[in-house]
Amino acid sequence: ACIQYERAPGTYLMFPSRYVVERSPDPEWTYGHGVNDIVFMSSRAGLHFDRSMRDAFIRPGTDQNNWHDRGVYIEPGILMTSPTELSMYVQEHIKTPGTHVRRYTLRPDGFVSVNAGAGEGGELITKPIKFSGSQLSLNLATSASGSVRVAFHDLSGKPVPGFSLKDCPEIFGDTHNRTVNWKPGADLGKLAGKPVRLRFVLKDADLYSFRFTKPD
């Protein structure tokens, strides 16, 4: 189930089944041994895939008819079924009379997130990047008391004047397209094409993705 992800040109996503042969929870199942779930992998070229996310992407769940060999298999394709929803389809109850397809939904670009709790929170600093555009938008979800802030640093680690954490008001809410604003007069377009790092500071929040654009 490998596809090119239309919302991020050049990105390939794969959802293979992970087969655990030594586990057979149903002693009366006669087709084969083992159970499986679905994992997530990604690639920038479609040849070498990254599997940093070791957790299951889709679990068999509470339905015991999915707890056998090859019980759940994802179907190829990801559909944008609304401006705020992606749909994916999974075949369930395989090798039973009740085989069917179930629709799963998630937020745009919501395959994985960087998460920080409500206690000490957490930080993420990106690798050096160059961007085009003059506007940064975030795909994020926070609690009522949670927040995300973002700063730009140069390659030596120093905050870029006008784009430090203290210049960025706390961002909160649940949206896949929140424009980041710093203090009045900060022109993000002046950093376009220059190598920078982004520093995200999160508290009780999930950051799913970020995107540079030009204002409409």
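Student: Which residues does Ser43 touch, not counting residues up to four places away in sequence?
Tutor: Bear in mind that this is a predicted model. With those sequence neighbours left out, Ser43 touches Gly10, Thr11, Tyr12, His48 and Phe49. Ser43 itself lies in strand β5.

Student: Is Ser43 buried or exposed?
Tutor: Go by the relative accessible area, where buried means under 20%. Ser43 has 5%, so Ser43 is buried.

Student: Which backbone nitrogens lie 3.1 Å and 2.7 Å from a polar atom of the Ser43 side chain?
Tutor: At 3.1 Å you find the backbone nitrogen of Ala45, and at 2.7 Å that of Gly46.

Student: Which element gives the most to the lining, and how does the lining split by class?
Tutor: β14 gives the most, with seven residues. By class, you get 18 nonpolar, 16 polar and eight charged residues.

Student: What about the nonpolar cores? Which residues touch the most other members in the largest one?
Tutor: The general idea is that in soluble globular proteins, nonpolar side chains tend to be buried together. In this model the largest nonpolar core has 23 residues, and Leu136, Leu138, Phe152, Trp182 and Leu188 touch the most other members. Both β12 and β14 supply at least two residues of this core. Another core, of 16 residues, lies apart from it, with Phe40, Phe57, Val72 and Val90 among them.

Student: Where is Ile38 placed, and is Ile38 buried or exposed?
Tutor: Ile38 is in strand β4 (residues 35-38). Its relative accessibility is 0%, so Ile38 counts as buried. Leaving out residues up to four places away in sequence, its contacts include Phe57, Val72 and Val90, as well as Phe15 and Tyr73.

Student: And how far is Ile38 from Lys190?
Tutor: They are 152 residues apart in sequence and, C-alpha to C-alpha, 43 Å apart in space.

Key:
Residues are numbered from 1 along each chain as its sequence is written. This is a predicted model: local features need pLDDT of at least 70, side-chain atom pairs count only at pLDDT 80 or more; totals for chains, interfaces and linings use all residues. Side-chain values use heavy atoms; hydrogens and water are left out. Helices (H or I, at least four residues) and strands (E, at least two) are DSSP runs, numbered from the N terminus. Ala, Val, Leu, Ile, Met, Phe, Trp, Tyr, Cys and Pro count as nonpolar, Asp, Glu, Lys and Arg as charged, and the others, Gly among them, as polar. Buried means under 20% relative accessible area, exposed over 50%, partly exposed in between (1.4 Å probe, protein chains only). A polar contact is a pair of N or O atoms within 3.5 Å; within protein, one must be able to donate a hydrogen and the other to accept it, and residues adjacent in sequence count only if both atoms are side-chain atoms. Contact means heavy atoms within 4.5 Å. A nonpolar core is a set of buried Ala, Val, Leu, Ile, Met, Phe, Trp, Tyr and Cys residues joined through side-chain atoms within 4.5 Å.
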